[in-house]
Amino acid sequence: MPISWLLGSLLISPSLSAKEAAAPPPQLPQCDLISKGPGVALQNQEILLHNFLNEFLEAIRKDEWNKIEGLFHPRAKRTKDIGDKMKAILQNRYDAPWQFSVFRVWRIKTPNARKAILDSCPDASGAHIIAQNGYETQYMVWLQIMGQNELGRIMLAVAPDKGRMYATALRLQQWTQQGEDAEVWVQRAEERFKADQKIAAYMALDVAQKLLAGEDLLIYPRQRQILDVRKGIISQAELVKNANESMNIKTIAYVGSLLTKEGVGILIREVIDKQEVTSILQERCKSRAEGLIKMGWMIPGKTGLRCNYIFPGMDPEKDSQMGGFYFAPEDLANTKK
């Protein structure tokens with residue numbers, strides 16, 4: 001795949017006054033790797049953090065998800081059902097039994113206690129770690145999830161306050177899909193592009209970038225590169241236009257990949273003018289599956305489909321609270337081409 005990269009920089013150094021030249025340099029954020037696992041204990045250097053992580057993992061292992069909410073700082077953005085939501089996500093992504101281990105721990109110091117992006121954290125798999133606002137000393141913990149089908153991560157931001165540790169932010173990140181990481185999916189996209197399979201190449205790159213989505217805790221520069229390449233193959237607007245024209249409709253607002261236990265599926269977001277009864281929306285979703293199968297975007301019995309519904313004016317890049325429906329490959333096995 002032809003890819004061109006342009007790298008450059010321009011540094012302009014203004015002259016400094018005598019007072020400015022004599023001033024001490026500002027203290028910069030620091031990021032130190034203090035634990036490299038799996039299974040590394042921290043009791044010899046960070047006893048409070050060690051105890052906190054034991055408490056966090058014990059709640060998960062004992063299926064006491066209601067305890068997770070109490071481990072977050074009062075200022076943290078979380079809901080009382082955060083533990084139940086975590087459990088649901090894990091169940092949807094990873095076949096049990098699950099194994100959890102402390103894989104990496106970084107100590108971060110931000111002298112001004114402000115949010116900062118650190119690009120020098122050791123062994124961070126190419127990620128830039130985002131320090132949370134309000135804490136001069138904090139920790140980023142990478143907990144590894146080993147399911148029977150996939151690998152995942154719980155990225156957990158932790159900070160001390162008033163003599164104890166609190167979780168300040170959390171991100172569940174799937175690391176493999178069908179047992180393969182983002183770079184393997186990029187290679188797969190290149191193979192499909194060379195075979196003139198643009199839609200398949202787009203979907204493979206979409207899987208790759210989703211495996212590198214760090215939200216507000218991590219930034220993967222590699223994800224931005226993948227997104228740029230994906231856009232060069234076919235834009236989201238072109239993809240949506242293709243789907244609407246092929247199915248003779250005008251309501252599809254978004255088309256993307258879907259990470260499921262069964263494999264890679266399709267996600268569509270469709271605009272509706274009013275709330276419909278469940279049976280109507282389910283039939284509509286099935287009809288969209290039939291259309292996508294006829295287009296060759298889905299394979300009966302191998303590809304699942306999720307339909308999410310939005311009202312006009314809603315952001316098509318985000319799921320709405322209206323929800324939707326997921327049909328697994330076996331649900332669509334008898335769908336006609």
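Q: How are helix 5 and helix 6 oriented relative to each other, roughly parallel or roughly antiparallel?
A: First, a general idea: a pair of packed helices is described by the angle between the two axes and by how far apart those axes are. Keep in mind that we're looking at a predicted model. Here, helix 5 (residues 198-210) packs against helix 6 (residues 221-233) at about 165 degrees, and their axes are 9 Å apart. Angles over 145 degrees count as roughly antiparallel, and helix 5 and helix 6 are therefore roughly antiparallel.

Q: What is the handedness of the crossing of helix 5 and helix 6, left-handed or right-handed?
A: Helix 5 and helix 6 cross in the left-handed sense. On the helix 5 side, the contact is made by Lys-198, Ala-201, Tyr-202, Leu-205, Asp-206, Ala-208 and Gln-209. Helix 6 brings Gln-223, Ile-226, Leu-227, Val-229, Arg-230 and Ile-233.

Q: OK, on to strands. Which residues of strand 12 are on its covered face, and which are on the uncovered one?
A: The general idea is that side chains in a regular strand alternate between the two faces of the sheet. Now try strand 12 (residues 324-327): Phe-325 and Phe-327 make up the covered face, while Gly-324 and Tyr-326 make up the uncovered one. Strand 12 pairs with strand 11 (residues 305-310) in the antiparallel sense, over four bridges. One place to look is Asn-308, whose bridge partner in strand 12 is Gly-324.

Q: How many residues of strand 7 are buried?
A: Nine of the eleven residues in strand 7 (residues 164-174) are buried, so the rest of the structure largely encloses this strand. Strand 7 runs antiparallel to strand 6 (residues 151-161), and ten bridges join them. For instance, Ile-154 has Leu-172 in strand 7 as its bridge partner.

Q: What do strand 6 and strand 7 form, and how many residues are between them?
A: They form a hairpin, with two residues between the strands. In the turn, Lys-162 has a positive phi of about 55 degrees.

Technical notes. Residues numbered from 1 in each chain as written. Predicted model: local features only at pLDDT ≥ 70, side-chain atom pairs only at ≥ 80, totals over all residues. Heavy atoms only, no water. Axes fitted to C-alpha atoms, helices over the stretch in contact; angles between N-to-C directions. Parallel < 35°, antiparallel > 145°, perpendicular 65-115°, else oblique. Left-handed = near helix turned anticlockwise from the far one by under 90°. Contact = heavy atoms within 4.5 Å. Buried < 20%, exposed > 50% of the residue type's maximum accessible area, 1.4 Å probe, protein only. Pairing = 2+ DSSP bridges.
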